[in-house]
Amino acid sequence: MNIFDKAKEVADKVTSFSSDEVIADTVIKAVEKQERVNAILKAKGSNYLVADIELGMGVPLP
């Protein structure tokens, strides 16, 4: 595989992650996870809750 093939492969991966729908689905899943974890913590009598989730995007390296 030459350098141009690698560059195209990386570009294809980036394009697949840039979809607005994919980003929206990721945010929804993260919030649902936060709510489930907070419910478990509350049920266990914890004073701690997950208040923030930070999501980031990057370019996958080959």
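Visitor: Is Leu49 buried or exposed?

Guide: Buried means under 20% relative accessible area, exposed over 50%, and partly exposed in between, with a 1.4 Å probe and protein chains only. Leu49 counts as exposed, because its relative accessibility is 56%. This is a predicted model, in which local features need pLDDT of at least 70 and side-chain atom pairs count only at pLDDT 80 or more, while totals for chains, interfaces and linings use all residues. Residues are numbered from 1 along each chain as its sequence is written, and side-chain values use heavy atoms, with hydrogens and water left out.

Visitor: Where is Leu49 placed, and which residues does Leu49 touch?

Guide: Helices (H or I, at least four residues) and strands (E, at least two) are DSSP runs, numbered from the N terminus. The chain has two helices and zero strands, and Leu49 belongs to the segment after helix 2. Contact means heavy atoms within 4.5 Å. Leaving aside residues up to four places away in sequence, Leu49 touches Asn38 and Leu41.

Visitor: How is the span of helix 2 judged?

Guide: The expected span of a helix is 1.5 Å times one less than its number of residues. The 24 residues of helix 2 should therefore span 34 Å, and its end C-alpha atoms are 35 Å apart, which agrees. Just after helix 2, Gly45 takes a positive phi of about 80°.

Visitor: Which residues of helix 2 are buried?

Guide: They are Ala30, Gln34 and Asn38. In the chain of 62 residues, 6% count as buried. Gln34 counts as buried because its relative accessible area is 17%.

Visitor: What does Gln34 touch?

Guide: Not counting residues up to four places away in sequence, Gln34 touches Val50, Ala51, Asp52 and Ile53. A polar atom of the Gln34 side chain lies 2.8 Å from the backbone oxygen of Val50.

Visitor: Where does Leu55 lie, and how accessible is Leu55?

Guide: Leu55 lies in the segment after helix 2. With a relative accessible area of 46%, Leu55 is partly exposed.

How values were computed: Polar contact = N/O pair within 3.5 Å; in protein donor to acceptor, adjacent residues only side chain to side chain.
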